[in-house]
Amino acid sequence: MKTKKYAFYGPFLLTTALLLSACGEKEEVKNGPTGEQAESEFGFRSFDLNIDTADQKDAIDVSFDVDVSETEAEYLNKLESLNLSGDKAYKKLEPLFKELALTKDMSKEEVIEKVAKAFGVEEYKEFDLEVEFSDGDDQEFKDNK
């Protein structure tokens with residue numbers, strides 16, 4: 001009887017391990033842009049945003065990164081009850097990124113105003129944005145109210 005019991009555990013553990021490892025890549029965008037496409041369309045390779053409002057901590061949390069081998073995207077918007085990752089997140093973020101048309105020459109105030117408006121935030125308590133522009137220049141835009 002013990003042999004049958006252990007025969008069941010081996011395949012069960014293997015299946016569980018495979019399922020858990022497959023879940024680790026949920027941020028990966030399968031149909032996303034290459035690095036050159038992202039740079040020409042959006043002007044940046046990486047976009048990491050966190051906005052807290054008076055009523056909601058982490059009201060907006062966006063992570064977008066184009067690497068040599070993959071593109072990753074996550075979009076959490078508690079104001080609109082959205083929690084997306086991978087292709088779904090990218091599909092929602094792509095028009096927002098195009099609308100932003102950020103450049104490294106913009107003032108801090110202009111960037112913050114455009115980004116907050118694009119993501120539907122009128123008033124924020126804390127704003128934190130890190131962007132890696134096409135030329136590799138990393139800039140951080142922070143504001144607290």
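Leaving aside neighbours within four places in sequence, which residues is T53 in contact with? The partners are A59, V121, E123, Y124 and K125, where contact means heavy atoms within 4.5 Å. T53 is found in the loop between β1 (44-52) and β2 (60-66). T53 counts as buried because its relative accessibility is 11%; buried means under 20% relative accessible area, exposed over 50%, and partly exposed in between (1.4 Å probe, protein chains only).

The model is predicted: local features need pLDDT of at least 70, side-chain atom pairs count only at pLDDT 80 or more, and totals for chains, interfaces and linings use all residues. Residues are numbered from 1 along each chain as its sequence is written, and side-chain values use heavy atoms, with hydrogens and water left out.

The protein holds 4 helices and 6 strands. Helices (H or I, at least four residues) and strands (E, at least two) are DSSP runs, numbered from the N terminus. Along the sequence the pattern reads α-α-β-β-β-β-α-α-β-β. Of the 145 residues, 34% are buried. Among contacts between residues at least 6 apart in sequence, 49% join residues at least 24 apart.

Helix α3 (residues 86-100) and helix α4 (residues 108-118) form a pair whose axes come within 10 Å and cross at roughly 150 degrees. The arrangement is therefore roughly antiparallel. Angles under 35 degrees count as roughly parallel, over 145 as roughly antiparallel, 65 to 115 as roughly perpendicular and the rest as oblique. Axes are lines fitted to C-alpha atoms, for helices over the stretch in contact, and angles run from 0 to 180 degrees between N-to-C directions. On the α3 side, L96, E99 and L100 make the contact; on the α4 side, K114, V115 and A118 do. These residues divide into 4 nonpolar, no polar and 2 charged. Ala, Val, Leu, Ile, Met, Phe, Trp, Tyr, Cys and Pro count as nonpolar, Asp, Glu, Lys and Arg as charged, and the others, Gly among them, as polar.

A101 lies in the loop between α3 and α4. Its phi is positive, about 50 degrees, although A101 is not a glycine. A101 is partly exposed, with a relative accessible area of 40%. S81 likewise has a positive phi, about 55 degrees, and is not a glycine. S81 sits in the loop between β3 and β4 (82-85). With a relative accessible area of 67%, S81 is exposed.

S46, in strand β1, counts as buried at 16% relative accessibility. Beyond neighbours within four places in sequence, S46 is in contact with F64, D65, E130, V131 and E132. T71 is placed in strand β3 (residues 71-77) and counts as buried at 6% relative accessibility. Not counting residues up to four places away in sequence, T71 touches E27, E28, V29, P33, F64, D65 and V66. T71 and Y90 are 19 residues apart in sequence, with C-alpha atoms 9.3 Å apart in space.

S40 lies in helix α2 (residues 35-42). At 60% relative accessibility, S40 counts as exposed. S40 and K98 are 58 residues apart in sequence and 10.0 Å apart in space, C-alpha to C-alpha.
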